[in-house]
Amino acid sequence: MAKSKKKAETVFLVCEETGDYNYTLKRKPGGEKLRLKKYSPRLRRHTWHGEKKK
């Protein structure tokens, strides 16, 4: 009974207002999707960013 190793995968944080891919993260698969308030350079203010795989 060997444990399965889950590799970290690259995930993008996409601005919900403009649709721009502003940030990348490496995280393990599974769990809830992230939704963070991050800075959007195009709008020059903080907006909600959602997790998306490419």
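Arg-44 is exposed, with 69% relative accessible area. This is a predicted model. The residue Arg-44 sits in the loop that links β3 (35–40) to β4 (45–52). Its backbone is worth a look: phi of Arg-44 is near 60 degrees, a positive value in a residue that is not glycine.

Strand β4 also holds Thr-47. Here the picture is one of burial: Thr-47 has a relative accessibility of 1% and counts as buried. Leaving aside residues up to four places away in sequence, Thr-47 touches Cys-15, Glu-17, Leu-36, Lys-37, Lys-38 and Ser-40.

Arg-35 takes up a position over the face of Trp-48. The distances are as follows.

| Charged residue | Ring | Distance from ring centre |
|---|---|---|
| Arg-35 | Trp-48 | 4.3 Å |

Next come the ring–ring pairs. How many aromatic pairs does the structure hold? There is one. Phe-12 and Tyr-21 form it, with 5.6 Å centre to centre and 85 degrees between the planes. That angle makes the pair edge-to-face, because planes over 60 degrees apart are classed that way.

Are the two partners buried or exposed? Phe-12 is buried, since its relative accessible area of 17% falls under 20%. Tyr-21, at 40% relative accessibility, counts as partly exposed.

Key. Residues numbered from 1 in each chain as written. Predicted model: local features only at pLDDT ≥ 70, side-chain atom pairs only at ≥ 80, totals over all residues. Heavy atoms only, no water. Helix = DSSP H or I, 4+ residues; strand = E, 2+ residues; numbered from the N terminus. Buried < 20%, exposed > 50% of the residue type's maximum accessible area, 1.4 Å probe, protein only. Phe/Tyr/Trp six-rings, centres within 6.5 Å; stacked < 30°, edge-to-face > 60°. Lys NZ or Arg CZ within 6 Å of the ring centre and 35° of its normal. Contact = heavy atoms within 4.5 Å.
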